[in-house]
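Here's a quick tour of one structure, a stop at a time. Have the sequence and the 3D view open as you read.

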Amino acid sequence: MRILIAALLSLSLATPVFAAGDSEHPKQMPWSFDGVFGTFDRQSAQRGLQVYREVCAACHSLNRVAFRSLTGIGFSAEEVKALASEYSVMDGPDDEGEMFERAGKPSDKFVPPYPNEKAARALNNGAYPPDLSLIIKARPDGANYVYSLLTGYEDAPADMQMNEGMSYNPYFSGQQIAMAPPLSEGVVSFEDGTEATVDQMAKDVVNFLQWAAEPEMEMRKKMGVKVMIFLLVMTILFYLAKQRIWRNLH
Ligand code: HEC
């Protein structure tokens, strides 16, 4: 009996401080895209695109996102065209069999910063900066996780042995990450006058990456609500029909 109590006690006391993979549980943020009626905050996602382009794109690709899909966060076709043409895209081969560079078109996708994974690792302390197109879906509680990661850098605890070139981040599995804190106050300057605090930029880039990972989300949710309304109406109709059919048999 005593052993049983001891076992139960140790179980209840053994609740881990860190959830999954010894990292801290992500901070829970209120996102506009949460919930059944969730929508994208387009203003924020547009600022997030700027954060991606001016900061993250130095190391992270966004291979699955085509420029023309940016109309989904409120850019006009002209704006998309202008934005795409700022990129230089490898195309070809031409009639002579040569590859050539040309200005980007709306149908092109974001151009990666490195030619291949080896080059990326060589320049990042051996670590690979993952493609960000689907990162929000690829990590549990993705939006909260990426937000927490970007805002969660701290000084390492005194008793922690840090490896060369690594930064301490309690939200990253293992707490040592090869990405130095990418955001610092004022590193971008927003046209709409929003103050570029680390917190703001992290929120904005998450809004952008959430859209990138699931551009069809609003359609899906709208459809879901319609289906629920349809089912509710059908349920009422069937119920009334049943009452009518059985009325004379009672
Ligand atoms: C100087 C290069 C560099 C910049 C700039 C940079 N990153 Fe990273 N990032 C990395 C590297 C390297 C890793 C891999 C870290 C590791 O595995 O230890 C990484 C990893 C990540 C991860 C994955 C973490 C995980 O769970 O595996 C996310 C998410 C991320 N970066 C987001 C961003 C965002 C958003 C920005 C822009 C605000 C950004 N990064 C800017 C180099 C960079």
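Contact here means heavy atoms within 4.5 Å.

## Ground rules

This is a predicted model, where local features need pLDDT of at least 70 and side-chain atom pairs count only at pLDDT 80 or more, while totals for chains, interfaces and linings use all residues. Residues are numbered from 1 along each chain as its sequence is written, and side-chain values use heavy atoms, with hydrogens and water left out.

Helices (H or I, at least four residues) and strands (E, at least two) are DSSP runs, numbered from the N terminus.

## Around D199

D199 sits in helix α7. Skip its neighbours within four places in sequence, and D199 is in contact with Y147 and T151.

D199 is partly exposed, at a relative accessible area of 30%. For that scale, buried is under 20% relative accessible area, exposed is over 50%, and partly exposed is in between (1.4 Å probe, protein chains only).

## The iron site

H60 (NE2) and M179 (SD) coordinate the iron atom of the ligand at 2.0 to 2.1 Å. H60 belongs to the loop between α2 (42–54) and α3 (77–85), and M179 to the loop between β4 (176–177) and α7 (198–213), so the pair ties together parts that are 119 residues apart in sequence. H60 is buried, with a relative accessible area of 10%, whereas M179 is partly exposed at 23%.

The iron site is octahedral, with angles of 85 to 177 degrees among its 6 donor atoms. Donors are N, O and S atoms within 2.8 Å of the metal (3.2 Å for Na, K and Ca); six count as octahedral if opposite donors are over 155 degrees apart and all others between 65 and 115.

## α2 against α7

These two helices, α2 and α7, pack at about 100 degrees, with their axes 7 Å apart. That makes α2 roughly perpendicular to α7 (the term covers 65 to 115 degrees). Axes are lines fitted to C-alpha atoms over the stretch in contact, and angles run from 0 to 180 degrees between N-to-C directions.

On the α2 side, the contact residues include L49, V51 and Y52; on the α7 side, M201, V205 and F208 are among them.

## Around P106

P106 is in the loop between β2 (100–103) and α4 (117–122), and it's partly exposed, with a relative accessible area of 25%. Not counting residues up to four places away in sequence, P106 touches A66, F67, R68, V80, K81 and A84.

Conventions:
Four donors count as tetrahedral if all angles lie between 85 and 135 degrees; four count as square planar and six as octahedral if opposite donors are over 155 degrees apart and all others between 65 and 115; anything else is irregular. Angles under 35 degrees count as roughly parallel, over 145 as roughly antiparallel, 65 to 115 as roughly perpendicular and the rest as oblique.
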